[in-house]
Amino acid sequence: MSTDNPLRRTRLGWRRGTGPATRSRTVAGLTALLLPLAAMVGLASPAEAAASATATYVKKSDWGTGFEGQWTVKNTGTTALSSWTIEWDFPSGTAVGSAWDASVTSSGTHWTAKNLSWNGSVSPGASISFGFNGTGGGSPSGCKLNGASCDGGPTVPGDTAPSKPGTPTASNVTDTSAKISWTAATDDKGIKNYDVLRDGAKVATVTTTTYTDSGLTKGTDYSYTVQARDTADQTGPVSASVAVRTTGTTDPGPGTGDKVNLGYFTNWGVYGRNYHVKNLVTSGSAAKITHINYAFGNVQGGKCTIGDSYADYDKAYTADQSVDGVADTWDQPLRGNFNQLRKLKAKYPHIKVLWSFGGWTWSGGFGAAAQNPAAFADSCYKLVEDPRWADVFDGIDIDWEYPNACGLTCDTSGPAALKNLSSALRTKFGSNNLVTAAITADGSDGGKIDAADYAGAAQSMDWYNVMTYDFFGAWEAKGPTAPHSPLNSYNGIPQDGFNSAAAIAKLKAKGVPAKKLLLGIGFYGRGWTGVTQAAPGGTATGAAPGTYEAGIEDYKVLKNTCPATGTIAGTAYAHCGTNWWSYDTPATITSKMAWANSQGLGGAFFWEFSGDTANGELVSAMDSGLN
């Protein structure tokens, strides 16, 4: 095999640049992040009475051993607030750890949060939020905002507020609903109604002592409390909480009837490609995928690190660019792609997002990671589960190109390195998170699949993304022309074992379960120029021109500029002028999905969203073909 073989070229040239413009964006993003941290040392202003304001709580994420909570103060009056103080009680065992954008103190189970020097002023109609990282599973109760009720209700002199309702009980729990019941509160003037709170946020106001909450997500944990209101609109303390888990599972995973349809979203795509998370909505793709791999985080010195801080969590989105039509503000704690993915998941709760680390350019750090797998796994967990974005991600994907083999550089970590790394990741991330890997599709004798223990590593993996594309391309400048993603072998194929069927067969033979294998599809083509022969196997003079790089072009461009003229090995090819391209179309994808189903594979994945048409025709072909 040549030193410039196709499997070393996976997605070559699709990495973001590292020039001055990119560095300046990153520095700007880091500077912006430092401002709130510096402000946190300021002293809070004295509290003032504020009857025309509310404070609401929401649990933004929960990762089992902890959670992220957020309080929001809204000025519902006509004059500005100059400061705010929120007080509440947590049940024993629930506590605040680190907090941001507020000064939080406690006395026993009673907690007090005060504004910092820079965020005490709240204009009429405006809101301000702060967050914290907590432990335990309880919900807040007895909330007071500047000494008054957090729901903005009045305090009437001489009129006793309602008592605490009884602890709710749950019944009739289904995939999407639950009935909550409680014993009545008491009051000297009579009870008017009850607020039902789910995870600290009000979801209903009722006059009875029961409520059926619907529209829930299956296989999901919720916490319910109740608060009474008297005839003078005074609210009493919040009840103790009841935990409810809806029936069903949120992600059946491969092998349980549902197929994985996973797409890569690249952080650098927000620059020259002008492709954003919102495009998944406008194209219709979000409703047809099951998972997203967010690419890429870096691997440096054996640790997981941020890939592009500006694109990842600092870029401010305008209303027209945002998934929900709401513009980012300068002071919100999370922006960029991460916040847009959070909004996407709120709109499409079936989607799971994994953070992918490595890739062709950034695989160099895996060798050091293999020397201390536990330290690597710990660094990745801390980054993926950072409280600022822990709710965005449902697991981790590693893209090591390639363990114990040559990619951009050559790795000599040994055959067991991938298995050791995978085991450490599973141990650290646990059973509630996904752990996956993108792997080679080199099915040749003595090739990259033979270089590492993929079967052993699969024991810790939910699935492998088998990169069954980029087998052939214009790095061999003179050809021969060949499909870059052949489904099977054919007479004249330039390299034995360089096809999808060979790779899948070899992985199965080594003991990797079929349901843990996903077939890879490229949403782009590879091509040559100086070609006179229409059929595969012709000679060339070099790489065909491409929008971003010679020899590579998006499907959405090729379908119009160089329409397919034939198929070979289940992949389309096109000869137009002196250019020769190979790429997948809706028709070839449909046939490949049928093949994947016949092989019992867990599903398929693709690289990457921005290569598809504006109406997502390739994603649609994968969705209909898999299901």
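Reply: A178 stands opposite D213 in strand 14. The model is a predicted one, in which local features need pLDDT of at least 70 and side-chain atom pairs count only at pLDDT 80 or more, while totals for chains, interfaces and linings use all residues. Residues are numbered from 1 along each chain as its sequence is written, and side-chain values use heavy atoms, with hydrogens and water left out.

The pair A178 and D213 belongs to the contact between strand 11 (residues 178-181) and strand 14, which run antiparallel and are joined by four bridges. Strands here are DSSP runs of E with at least two residues, helices are runs of H or I with at least four, and both are numbered from the N terminus. Two strands count as paired if DSSP finds at least two bridges between them.

Strand 25 is mostly covered, with six of its six residues buried, that is, under 20% relative accessible area, where exposed means over 50% and partly exposed lies in between (1.4 Å probe, protein chains only). Y524, R526 and W528 are buried on one side and G525, G527 and T529 on the other, so that both faces are covered.

R526 also takes part in a salt bridge: its side chain meets that of D470 at 2.6 Å, N to O. A salt bridge is a side-chain nitrogen of Lys or Arg within 4 Å of a carboxyl oxygen of Asp or Glu. D470 is buried, as is R526. Elsewhere, salt bridges that share partners join D445, D450, K506 and K510 into one network. The structure holds 18 salt bridges.

Two further bridges involve helix 4 and helix 6. R342 and D391 meet at 2.7 Å, N to O; R342 belongs to helix 4 and D391 to the loop between helix 6 (373-384) and strand 21 (395-399), 49 residues apart. R342 and D391 are both buried. D378 forms a salt bridge with K428, with the closest N and O atoms 3.1 Å apart. This pair links helix 6 to helix 7 (residues 417-429) across 50 residues of chain. D378 is partly exposed, with a relative accessible area of 23%, and K428 is partly exposed at 34%.

R342 also lines the largest cavity, together with K60, E68, Q70, W100, P333, L334 and R388. On a 1 Å grid over the protein atoms alone, a cavity is a set of points where a 1.4 Å probe fits but cannot get out, and a pocket is an open set with protein on both sides within 12 Å along at least five of seven lines; lining residues have an atom within 4 Å of a point. Grid points are joined across faces, edges and corners, and a volume is the space filled by probe spheres set on the points. The largest cavity holds about 40 Å³ of space, and the whole structure has three cavities of 30 Å³ or more. Its lining divides into three nonpolar, one polar and four charged residues, where Ala, Val, Leu, Ile, Met, Phe, Trp, Tyr, Cys and Pro count as nonpolar, Asp, Glu, Lys and Arg as charged, and the others, Gly among them, as polar.

The second largest pocket has a volume of about 560 Å³. Of its 22 lining residues, Q70, S129, T329, Q332 and P333 are the closest to its centre. Strand 2 (67-75), strand 7 (127-135) and helix 4 (336-347) each give two or more residues to this lining, and helix 4 gives the most, with four. By class, the lining has seven nonpolar, eight polar and seven charged residues.
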